[in-house]
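Trainee: Could you walk me through this one while I have it open? I'd like to take it piece by piece.

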Amino acid sequence: MTATTERAVGSDVRRIDGPDKVRGRAPYAYEHELGAQPAFLAVVQSTVARGRVTAIDASAAEAVPGVVAVLTHQNAPRLGDVAEEIAVLQSDRVQYVGEPVALVVAETSEVARDAAGRVLVDYDAQPADVRLAADRDDLYAPEQLMAGFATDSVIGDVDAALAAAPVSVDVTYETPNQHNNPIEMHATVARWDGDVLRMWDANQGPHNLVPVITEAFGITEDQLHIVSPYVGGAFGSKAYTHAHQLLAGMAAKVTGRTVKIELTRQQMFSLVGHRTPTIQRLRLGAQPDGTLTAISHEVVEHTSQNAEFAEQTATATRLMYAAPARRTTHRLAKLDVPAPTIMRAPGETPGMYALESAMDELAVALGIDPVELRLRNEPERDPERDVPWSTRNLVACLRQGAERFGWAGRDPRPGVREDGRWLVGTGVAAATYPTRRRPSQARIEAVPGKPFVVSIDASDIGTGAWTTLTQIAADALRVPMEQVSLRIGDSRLPKASGAGGSTGITSWGPAIIAAAEQLRDRDVPPGGLTVTGSSGPGDEAETYSSHAFGAHFAEVRVDRDSGEVRVPRMTGVFAVGRVINTTTARSQFLGGMTMGLSMALHEESVLDQGRGHYANHDLAEYHVAANADVAEMDISWVDEVDDEHNPLGAKGIGEIGIVGAAAAIGNAYWHATGRRVRDLPITPDKWFRQAPAR
Amino acid sequence: MDRDITLEVDGARRSLAVDTRTSLLDALRERLGTTSAKKGCDHGQCGACTVLLDGRRVNSCLVLAVTADGAQVTTSDGLAGEQPHRLHETFVDHDAYQCGYCTPGQVVSAAAVLDEVARGWPSAVTEDLVAERTDLTDAEIRERMSGNLCRCAAYANIVPAVAEVAVEQGVRA
């Protein structure tokens, strides 16, 4: 093997998929050229939230020229044992507005959509119940939370500690229902070649889908081939199998055609999941010097009739700060809504918004600087698990952020800085996200005189994996990046974990390194040599508490006449282990922080309380941050290598950027105005809940 | 009802039959196999489908293909000649994208912005509406590029990517 002194890992190398992407030459799911003229699918969705389909009249739809078939629960193929929320067209039951009740297959997308509007469906409907409230009498404790976290945690006598605390806060925050809304709409192209199902699909890792789709269609893994080289964003909504992927497989089977389905933006509000809304009561007790004596974080959130999705909203509170008495609880309301799913840092994003807002309120009550309050409550070990940190550099992030932002000398008084119509303030919040790794395998084919072919069913949803995995492989093989040819996004490649939970680099990277080690000091014969390697969680998960940390600082300006909120600058500092690529890492933080800004100021999916549908189900009414919403973004990280956790010393970076960002903006809003808005988003109308402050 | 139309797409003359309901975007993507322009909402809300139609940027999902008969359509791919367009290079250099799905629309919009500023067209943040020359400041870029949503949120990288070309083209100091 050629020796090379220049390391690719840690450099700022540009994305290798960039030149194709900027010209629009990288094929996303819907765009693969397959030769045969495809048929197009259009979904007919329920208009009621709860009830039964009593009659379907598809005759008008079937009469439209160009319609190939109309599938309903009466004639659709039976699926295997799949989860209730994706058992599509399997019964007459309806459990949320937007549930698929029929599917049109047609020669063109125009005909399919036209015919879908002509399918007449009658229902026996019952009233929708979509109201989330902390005073519901049917809230329940799930057996466990997502990822196996305990539903509740209690250490010490929390109520007594709170009652005895010289200084305390007792505040309730609400975060809204949100939608992932990747710009590439969920799409699948499906075709049966004999008994082999081929899919070109938008997902966060083809192997994530394999168990469900093979079970659904009663086929083996060898009979399923999912191809997903490029994915146009996901943020969680493309992690799991959804109904439309099964609809595509069914329609292809019934018609014998290559079929294309592309959900509409409106359909994405009901068919690919959402972030649950939360109601969170935070109680913090402290000594006058700021030492926390008690932390209580009680969460109420929703799940759906057809699934139990128990988001781990308060789990970050179990590790952020030291306190002798501490409690977290999670309760669910089972509502007539579509199944929630993961959305960028599920749990940490809403939970840390509440905790970090409460910490700010406590700092005010104590008269202590909010950065200093956090420094005074830094735990030496994981406070609930009582194990050491593999690395924890929150303090360094807070200090470096304060320095870069110019925090020193900040006047703590709220509502006293004016610039014409604008009230100006600054805020801070901390961030954390778990560091984990999952089982993954990789294969390397070496042929003398040719680039190494590195294969792993990893997924690049915008994270930069095409580039970072090539860097890692090049260093592991001790060759320049040009001598590595990477293959990802294909279920026929070695099985790997999906892109989720910020686990990509920590799972895939070590698998590639393990494969490369098989080639070390071996002569490659003229006919070539193929090696494999695998990696997965070790005992580090038991031995250590491993998390990324970060700190956000924000300046906020509020127009006293209109309530408009602007964020002229944000500073984010992160401690994330070894950074593989400084260019793509910065973009990950930038994207997370901006999505946090979007969460703070814009995003809310509004459930119609009467009918149970999402009233603002498009991008004109569900606002996400646009270019003009974002100004100066200062992003950096502290030196850190986490050698205890994985061979790369890296931590995931895809999610921590959003965690805490909304709290920093909310805290700055208070500093600017003297008003707390405890229910996101901080839209202009909330300024007018109180009389103008003149 | 189908109609035969002719489009000049990225420099190539293409004849095709379209449904009178077919959008220009679907004509490109579903009938011509030209997939540089992306579909992100189909309602003119996200900008991923932005193309130049006879030199001006449009949301191609809001244009009926039959009304574009005879028109010149340019996608991001078509902005390149023998070499990539400078915006292609600066978008890569500034990492002005992540997943890349909205990116061809961003690039086309940026090309149009440079042209619009060169023509002296003001925007909502232009202070002097009658000035002959507008400087394409960061604020101007942000405003003029706000019709193109990027959920990965590369905005703060898109601005310098556009700014660099603006300087080269003499529309930014």
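Trainee: In what order do the elements of chain B run from the N terminus on?

Mentor: From the N terminus on, chain B runs β-β-α-β-β-β-α-α-α-α-α, which makes six helices and five strands. Helices here are DSSP runs of H or I with at least four residues, strands are runs of E with at least two, and both are numbered from the N terminus. Keep in mind that this is a predicted model, in which local features need pLDDT of at least 70 and side-chain atom pairs count only at pLDDT 80 or more, while totals for chains, interfaces and linings use all residues. Residues are numbered from 1 along each chain as its sequence is written, and chains are lettered from A and ligands numbered from 1 in the order in which they are written.

Trainee: And what is the radius of gyration of chain B?

Mentor: It is 16 Å, close to the 16 Å that the globule rule gives for 173 residues, so chain B is as compact as a globular protein of that length. The radius is taken over C-alpha atoms, and the rule is 2.2 Å times the number of residues to the power 0.38. Along its principal axes the C-alpha trace of chain B spans about 50 × 35 × 30 Å.

Trainee: How much of chain B counts as buried?

Mentor: Of its 173 residues, 58% count as buried, meaning that 20 or more other C-beta atoms, placed from the backbone, lie within 10 Å of the residue's own.

Trainee: Switching to chain A, how many helices and strands does it have?

Mentor: Chain A has 15 helices and 24 strands, and buried residues make up 59% of its 694 residues. Its radius of gyration is 26 Å, which agrees with the value near 26 Å for a compact globule with 694 residues.

Trainee: Which strands form the open sheet of four?

Mentor: The order is β20-β19-β18-β21 of chain A, with mixed pairing, where two strands pair if DSSP finds at least two bridges between them. The edge strands, each pairing on one side only, are β20 (484-487) and β21 (529-535) of chain A. Strand β19 (residues 452-455) of chain A pairs with β20(A) in the parallel sense over four bridges, and A:V454 has A:L486 in β20(A) as its bridge partner.

Trainee: Which strands does helix α12 of chain A lie across?

Mentor: Helix α12 (residues 504-519) of chain A lies across β18 (440-446), β19 and β21 of chain A, running at about 140° to β21(A). Helix α11 (residues 465-477) of chain A lies across β19 and β20 of chain A, at about 135° to β20(A). Axes are lines fitted to C-alpha atoms, for helices over the stretch in contact, and angles run from 0 to 180 degrees between N-to-C directions.

Trainee: Last topic: how many residues of chain A are in contact with chain B?

Mentor: In chain A, 48 residues are in contact with 49 residues of chain B, contact meaning that the C-beta atoms, placed from the backbone, lie within 7 Å. On the side of chain A that touches chain B, α1 (18-23), α3 (109-116) and α14 (582-601) of chain A each supply at least two residues, and the largest share, seven residues, comes from α14(A).

Trainee: How do the residues of that side divide into nonpolar, polar and charged?

Mentor: They divide into 21 nonpolar, 15 polar and twelve charged. Ala, Val, Leu, Ile, Met, Phe, Trp, Tyr, Cys and Pro count as nonpolar, Asp, Glu, Lys and Arg as charged, and the others, Gly among them, as polar.

Conventions:
Two residues are in contact if their C-beta atoms, placed from the backbone, lie within 7 Å. A residue is buried if 20 or more other C-beta atoms lie within 10 Å of its own, exposed if 12 or fewer, and partly exposed in between; C-beta atoms are placed from the backbone.
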